Amino acid sequence: MLDSKIAPHQWVGTPDPTMFVQDANHREKYWCTPEVYLIGQFTKYVRPGYERILSTNGNTSTVTNVAFRDPKTGKIIMIVANSSGSAQNFKVISHGTQFNATLPAGNVATYIWEPVDGNQFKNITDDLTLNDAIIEGSGVINNGELGYIDSTTKVNYTVNVKQAGTYRVEFDVAVGGEWHKDFPVVISQGNKELGRTHARRYVYWDNAEWSTYSTIQTYITLSETGLQNITLSFPEAGINFKDVRFIPAREIQSLPGKLDTTNYFNKSGCVLESENFGFIDRDYYLDYKVNVLKAGDYDFDFEVATSQNNSGVWIDKIDMNNQVSNLGEIDFTNTGGTNLYTHQIKRLHLDEGHYTMRIKFKAGETNFKGVVIGQAMSLQSDELIERQLHGHVINVHLIGGSFALNLTKNAWHLNFPKGVDYEVQRIDDTNAKIVLQGEIEQDFDNDLSILLKVDASEFGGIVGTSLEDYILIKAIDDIETLTSMSEIPYHQDTFNMSIQGGTFKEDVIHHVTLAGEITQYVTIQKVTKVSSRLLSITLQWKPMYNDCKGTIIITPDGYSDGVLSLEKELIFKQTDQLPPTIPVGNNNPVDLTESLAYRHKGSLVNQPAKGNYIDFFLDIQTAGKYTIYYDITNTEAVANGLKISGGLGLATDNLESISFHKFWGNELGYWHTLDLKEGKQTLRFEMNNYNDGFKIDHIRIAKVQSAIEVQGNTTIVVNQLIDGSKTKGWGIETKNGIANIGCSESGAYQDYHINVKKDGYYQFSINAAYNGGSHANAILQLINNQTSYVKSTSQSVTELGKVQITQTGDWGNFVNSDKVLVKLSAGEQTIRIYDEGDGFNYRSFDLDYVKEFNEV
């Protein structure tokens, strides 16, 4: 541990502070540097034996991270750093699960979680059993069936929803409750009900009501993808449950079309048998959501079987406000039994638009397979799979009409993505086929539903209507990654970036960015989409003198089925040329403006931040001592605010670290001296710490001139100093047009290189101002063994004399102190004004010759 005077430091250069710094004046006190809290993120949460695990790096323009795993518990510990200048939102994905977080600017945070393997959960469309559920409340599982259900029972599934949209939900239930009553099944997420349907008891034989299962269904819409919790509940006892299935489907049936056992959304009674509804009684009903494409008179072709003479249905319309109106009715002729089906037709008028159509039965002993309203079509084909479409045939069967003798392709609308074409061929009056040609260029990871619309002109339907159905194409779910050369040579104009397991969208060029430190030197000038899987990226370079990492990012909008941004980290190689030099001679100071920096990260003036730096390439024409001048602005003290590095060529070896006292929002100067070798070399100014309002500006460098001659009466002003304390703050300010040391703190000092022309005793006094509440002394010290100014971090000093700084009533009221006799030997030497007790301001000090050593 070093103290506030950097003791007991012994080597060349100024080290960074240790994590704990001891107060050199009060050894029992110490303080923590910011690194303590950063390292604390690791030492507190990452314990010995934890394993480093792979994680994507992120980049410094957003967040970076490192992750570990506790081998005993499996917990994951991720430390995330935000070194940018603004709060960053980010997403962590682990084992198929994810969470979102926000990290403020300049912060480091640790996130700890027990990983949940998303791959252990089934997809929502998989075969779900009670083994996949968590049961709450009442309920006993026996042989894969859930019994003893009541209003407290909840069946909770966690499933992976890969594709948002509408699903038909099928439930297998057995009803043993009271007769003539609808028993609801509700599906929900949290407090939100997604859908409900009903079942009735129909079994009366052999006490089998609790074990005879039938299927009921409804529709739900899921707007998000990812792992989701879905809950089934049963508001009333009287039902057993076995299975649930989720099938992507459309909830609304367009008309003309067919209503059957597969597309209702609610019912009362009506038991689904293999292909029909049975166990129907009077006032039992089926509800369908329909979209009538055009108002008109439509033939209702019912396929029914009944043994009753009074069988039939009422057909009602239920609008969005649940207002019920009757559309008509039809009486069925006795078919001679519930297994003898016939087609019974009646024409009714339908209003255009969306509404619920209710088919309510007039009598029992009636079985119902479906009703074709106007015309309908059915599709059949082998399974259609991504990248295996070419040559496949989709057979189209027409119900309730005849195909035109000459079919027109333009009347058959298929919204295939780019890459697939098709032919339409008539087979006979009721059959046609669609032959697919080519493959879909765009990759997709979720199944595609392709809408087929056949205009009424192809089958003699009502003008302005069409038949609609969907063609399902199974996706091949592969992982998308970016590939390219790993290193980009300096000044290479273009390189290629390809995608594996996916395809780029048409507008991908608007969704490609470059991130990371490389953006200081390289920008994307143009992105060209060469093909669906290949991009050409054109770069624009600035001179770059070190290898830099950069990340090509393609946002989810840039590639097919994108969920997360794709990233590819690259190394951009530096130039082999040295940067232009800034000549530094023996005479005039040289201004080092940020525009002259050959390398930089951010700025020290505009939007400064910790870690920002500027590098200058200097041509030092004569080896020796050089004074560095710059102005500091801050509102609070900044420990280790500036780090200076450098070396011959492009080296950036540590030279010094400097702390600054509180300047109260003012701009003060700071000077110090470096010993530089002759030749071309780098000098780096780095913002090693940061507080709001801190900036470093107006940097200059000048060769140290000859020592200040001391003979007779000599006044030395603060503008003649060559160096000062690095850990105790001070600055050069101006009051009433005269420069002075200000904003000083106890322990601060300034060094002056003098040439004493004559041995002897001198009177030392200082022109100072003080308005503090304590006491202050100015101590004149001699830096031992230093006849010429050579920097050393292990200097020993001799006190020559001390004067008290009196209260002057104002920090700008400068008064000469009392005088004290000091002994100076002839020759070049370095003396120091040391601030003891409390900070004070001073403009100058006097050394007035009094007498020789041997005088009495």
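Tutor: Let us begin with a pair of charged side chains: Arg-387 forms a salt bridge with Asp-478, and their closest N and O atoms are 3.5 Å apart. The pair links distant parts of the chain, with Arg-387 in the loop between strand 32 (384-385) and strand 33 (393-399) and Asp-478 in the loop between strand 38 (466-474) and strand 39 (481-483), 91 residues apart. Strands here are DSSP runs of E with at least two residues, and helices are runs of H or I with at least four, numbered from the N terminus.

Student: What makes the contact of Arg-387 with Asp-478 a salt bridge?

Tutor: A salt bridge is a side-chain nitrogen of Lys or Arg within 4 Å of a carboxyl oxygen of Asp or Glu. For Arg-387 and Asp-478 the distance is 3.5 Å, and therefore the pair meets the definition.

Student: Why is Asp-478 called buried, and what is Arg-387 called?

Tutor: Buried means under 20% relative accessible area, exposed means over 50%, and partly exposed lies in between (1.4 Å probe, protein chains only). Asp-478 counts as buried because its relative accessibility is 17%, whereas Arg-387, at 40%, is partly exposed.

Student: How do you know how far to trust such details?

Tutor: This is a predicted model, in which local features need pLDDT of at least 70 and side-chain atom pairs count only at pLDDT 80 or more, while totals for chains, interfaces and linings use all residues. Residues are numbered from 1 along each chain as its sequence is written, and side-chain values use heavy atoms, with hydrogens and water left out. The pLDDT, which is the predictor's confidence in each residue on a scale from 0 to 100, averages 91 for the protein, and 95% of the residues score at least 70. Over residues 788-793, however, the pLDDT is below 50, and this stretch has 19 contacts in the model beyond near neighbours in sequence; contact means heavy atoms within 4.5 Å.

Student: Which other salt bridges are there?

Tutor: A search of the whole structure finds 36 of them. One of these joins Arg-684 and Asp-615, with the closest N and O atoms 2.7 Å apart. That pair also links distant parts of the chain, since Arg-684 is in strand 55 (residues 679-687) and Asp-615 in strand 50 (residues 613-620), 69 residues apart. Both Arg-684 and Asp-615 are buried. Asp-132 and Lys-122 meet in another salt bridge, at 2.9 Å from N to O. Asp-132 is called partly exposed because its relative accessible area is 28%, and Lys-122 is partly exposed at 30%.

Student: What makes strand 16 largely enclosed?

Tutor: 8 of the 9 residues of strand 16 are buried, so the strand is largely enclosed by the rest of the structure. Strand 13 (residues 165-175) runs antiparallel to strand 16 and is joined to it by 9 bridges, and two strands pair if DSSP finds at least two bridges between them. Within this pairing, Glu-170 stands opposite Gln-217 in strand 16. Glu-170 is also linked with Arg-168, Asp-172 and Arg-245 in a network of salt bridges.

Student: Which strands pair with strand 17?

Tutor: Strand 12 (residues 154-161) pairs with strand 17 (residues 226-233) in the antiparallel sense over 8 bridges, and Lys-154 has Ser-233 as its bridge partner in strand 17. Strand 14 (residues 182-189) also runs antiparallel to strand 17, with 3 bridges joining the two, and here the bridge partner of Ile-187 is Leu-232.

Student: Why is Asn-263 called buried, and which residues does it contact?

Tutor: Asn-263 counts as buried because its relative accessibility is 10%. Leaving aside neighbours within four places in sequence, Asn-263 is in contact with Gln-217, Tyr-219, Gln-253, Lys-258 and Tyr-288. The place of Asn-263 is in the loop between strand 20 (257-260) and strand 21 (266-268).

Student: What is noted about the backbone at Glu-365 and Cys-743?

Tutor: Glu-365 has a positive phi of about 55 degrees although it is not a glycine, and Cys-743, also a residue other than glycine, has a positive phi near 50 degrees. Glu-365 is partly exposed because its relative accessibility is 46%, whereas Cys-743, with a relative accessible area of 16%, is buried.
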